[in-house]
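Here is my notebook from an afternoon with one protein chain. Have the sequence and the model open beside you, and follow along.

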Amino acid sequence: MNYGSLYPALRRREARGLVKGSWGACENNRRARSYDLTAAGRRQLGVERATGERFSQALGLMLASRSQRLVNMKTFDPRRAARVNLMETLRPD
């Protein structure tokens, strides 16, 4: 993330009450602005973290399913599948 994106994002979050900015001095005695999470910011972080975890789990399930399909495709024998389907068709009820 570059400075052109970081500071506008911090200012938007400060306007929403999610972070609180304050001025202070850094190690070389220059003025520096630091940001701390507010209580509302901690709650929002929890919500966003839970959303991210659910997304990650869903993506993992989709990828695992796709991997399993690829494995099944590699072991798929169309001749055997045709025999099984034919046998099921000819089986009396």
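I looked up E14 to begin with: E14 is partly exposed, at a relative accessible area of 24%. My scale calls a residue buried under 20% relative accessible area, exposed over 50%, and partly exposed in between (1.4 Å probe, protein chains only). A note on the source: this is a predicted model, where local features need pLDDT of at least 70, side-chain atom pairs count only at pLDDT 80 or more, and totals for chains, interfaces and linings use all residues. Residues are numbered from 1 along each chain as its sequence is written, and side-chain values use heavy atoms, with hydrogens and water left out.

**Entry: a charged pair.** Which side chain does E14 meet in a salt bridge? I found R33, at 2.9 Å from N to O. The pair links distant parts of the chain, with E14 in helix α1 (residues 3-15) and R33 in strand β2, 19 residues apart. For a salt bridge I need a side-chain nitrogen of Lys or Arg within 4 Å of a carboxyl oxygen of Asp or Glu. Side chains of opposite charge can pair when their charged atoms come close. I searched the whole structure and got 1 salt bridge. R33 counts as partly exposed, with 25% relative accessibility.

Entry: I then traced β1 (residues 19-25) and β2 (residues 31-37), which pair in the antiparallel sense over 7 bridges. Two strands pair if DSSP finds at least two bridges between them. Opposite R33 in β2 I found W23. Between the strands of this hairpin lie 5 residues, and N29 takes a positive phi near 60°.

**Entry: T38.** Is T38 buried or exposed? T38 is buried, at a relative accessible area of 19%. I located T38 in the loop between β2 and α2. Leaving out residues up to four places away in sequence, T38 touches G17, L18, V19 and K20. Contact means heavy atoms within 4.5 Å.

**Entry: L59.** I found L59 in helix α2 (residues 39-74). L59 counts as partly exposed, at 35% relative accessibility.

**Entry: the whole chain.** I listed 3 helices and 2 strands, in the order α-β-β-α-α along the sequence. Helices (H or I, at least four residues) and strands (E, at least two) are DSSP runs, numbered from the N terminus. Of the 93 residues, 9% count as buried. Among contacts between residues at least 6 apart in sequence, 12% join residues at least 24 apart.
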